[in-house]
Amino acid sequence: MQELKYVIKDKEGIHARPAGAFVKEAASFPCKVTIAKGEKEVDAKRIFGVMGLGVKCGEEITVRTDGEQEEEAIAALGKFLEGNL
Amino acid sequence: MGSIMVLEGKSVFGGIAIGKLSVYGKKDRAVKRSKVTDTEAENSRFLEAKEEAKRQLAGFYEKAVKEVGEVNAAIFEIHQMMLDDPDYLESVTNIIKTQEVNAEFAVASTGDNFSAMFAAMEDDYMRERAADVKDISNRVISILQGSAAGAMTGEEPVILLADDLAPSETVQLDKSKVLSFVTRHGSTNSHTAILARTMNIPALIGVDFPEKLKEEPSGETSALGNAAAGTDSGEALDGMLGIVDGYQGKFYINPDEETLAKYQKLKEEDEQKKRLLQELKGKENVTLDGKKINLYANIGGVADVANVLANDAGGIGLFRSEFLYLESEDYPTEEAQFSAYKTVAENMAGKKVIIRTLDIGADKQAGYFNLEKEENPAMGYRAIRICLDRKEIFKTQLRAIYRASYYGTISIMFPMIISVAEVRAIKEIIGEVKAELDRDGLPYKEVEIGIMIETPAAVMISDLLAKEVDFFSIGTNDLTQYTLAIDRQNPKLDSIYDAHHEAVLRMLKMVVDNGHKEGCWVGICGELGADTELTETFLRMGFDELSVSPSMVLRVRDKIRNTDLSK
């Protein structure tokens, strides 16, 4: 399993558009991908789950990948977060 | 009298619209619960409808990209993803199978549950998303029911009234038939608001318009005919005349003739301005015979910058820094000032920004300065006089300005100058500030230094002052009142106050000539600069710059471009 932590810098938080793009990115990998804020962890391939976290600017999220291509996935998602959120 | 009704709302885009009202017929989809036996077949029916909904949304996406751009169109991609969300699908399927109910009911229940989740969130933006979930669910339901979504029809453009409009509804509208949007709900982030801004049409949100307009018991006949008396509690709004004032956030239903005439005039002026903008945006400020002049804008705060750019000013000729002090409970910190100046410098992207240092006192007071009450404040303890006396306040501002200079092209000018000694004292303080910044390792750029010419004394010694500075900017309001000895606040003197007084005009000419002799550029930042009756005079005098309120920029440009100095 791979894991990374990231603090959201976008002042709108993970709003609809980037949530959609993040889900798309996560869905392009075969491994299990989750995103967590605090205690709450959701499937990162499900848009309602990701939006439902309601992540705001300045909050820390934890992304975990587990399974086939987990390393590629964590690298790609880390890059996505840096570039978009 | 008639039955005019005036409502208020929040404007999301300025402008004026006059036209017939049309109430958007949102069909509240009545969903009946019915029992099904073949749940497998019912689930397939749902999946097919879902695929059809996604196809429709893909079509909207393509259309929206063209109309409002990729960023704003992305919502339709999100909608497609929502329809593929496993949680959403599982919920619908689960309801169909366990409750043995029809697909319409299962979709409606799921939509309600998911939108409730968003509606309960703290974040305003996320709460808005509840509408998105309802929208996609309604789409699937209407496909299941085999009914088409209701779009507006009709030949004449209308003011569209609605509770709120979902993105899929706005994208289906024939935009050439919409003069304005007026909605009961929605926020400045809602899709209707975004669409209105993209379409450049006035729009109001949060307007609590009634279903029907009650007739006055007096029986006054409205201009648009009368409903059959006594048969109804009021007249439906559809087809009535309305006015949307996007500047004041007002919405008029059934306006009286006086109001209508007033707004027709305002609308014409507005359209003329827009035409000017179309014709003159990006054009040079040059006379027919080739003389050029800089045309800048005056601002009183960070928020005004948008207006400066929208009106295509070449820079900011007067950035009044008082707002930082007047809107504050205590002396604004260096950081707060730095941030405001930097924002303006960055937003102007390299165009000149002339910041006038604190001009407080006289009619502009801030409690924490503890200024004593004066007999004659216009000639009292104000502006540079306070700054040179309370050096720490002044230095804080200068440090903030110099630090911001690194992020754009900033100039500074000083108000109420009457002597060379004052300018030298200022330059000494600037020297100290720069030395401190060097010591602290904070970057800054070279900053042009200028003074306001707004006292007769400064005019008379402008030859000497010109040796000390890079530019002059004439504050015609104060200069005129000091020269004519007329208090502008006293309405009794209005009849003898002559803004075009020969004495003032001669002073302007003198300042230009003295400035140019020493290589200073000379401008006007007072109200007179926007007086198009004098534009030609200013050009002939040789002014290098005029700074006017943002809304006047294009009118003055128009005047300049129609002036021929060779005649």
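1. Chain A, in this predicted model, has three helices and four strands. Along the sequence they are arranged as β-α-β-β-α-β-α. The chain has 85 residues, and 39% of them are buried. Of its contacts with a separation of 6 or more, 68% link residues 24 or more positions apart.

2. A:V50 deserves a look. Beyond its neighbours within four places in sequence, A:V50 contacts A:I14, A:A19, A:F22, A:V23, A:I35, A:V42 and A:A44. A:V50 is also among the residues with the most contacts inside the largest nonpolar core.

3. That largest core counts 93 residues. Helix α1 of chain B (residues 39–83) is the top contributor, giving 13 residues.

4. Now strand β16 of chain B, residues 471–474. Are its faces covered or open? Both are covered: B:F471 and B:S473 are buried on one side, B:F472 and B:I474 on the other.

5. β16(B) has parallel partners. Strand β15 of chain B (residues 448–453) pairs with β16(B) over four bridges, in the parallel sense. Strand β17 of chain B (residues 521–524) also runs parallel to β16(B), again with four bridges. B:F472 takes part in both pairings: B:I451 is bridged to B:F472, and B:V522 in β17(B) stands opposite B:F472.

Terms used. Residues are numbered from 1 along each chain as its sequence is written. Chains are lettered from A and ligands numbered from 1 in the order in which they are written. This is a predicted model: local features need pLDDT of at least 70, side-chain atom pairs count only at pLDDT 80 or more; totals for chains, interfaces and linings use all residues. A residue is buried if 20 or more other C-beta atoms lie within 10 Å of its own, exposed if 12 or fewer, and partly exposed in between; C-beta atoms are placed from the backbone. Helices (H or I, at least four residues) and strands (E, at least two) are DSSP runs, numbered from the N terminus. Two strands pair if DSSP finds at least two bridges between them. Two residues are in contact if their C-beta atoms, placed from the backbone, lie within 7 Å. A nonpolar core is a set of buried Ala, Val, Leu, Ile, Met, Phe, Trp, Tyr and Cys residues joined through C-beta atoms within 7 Å.
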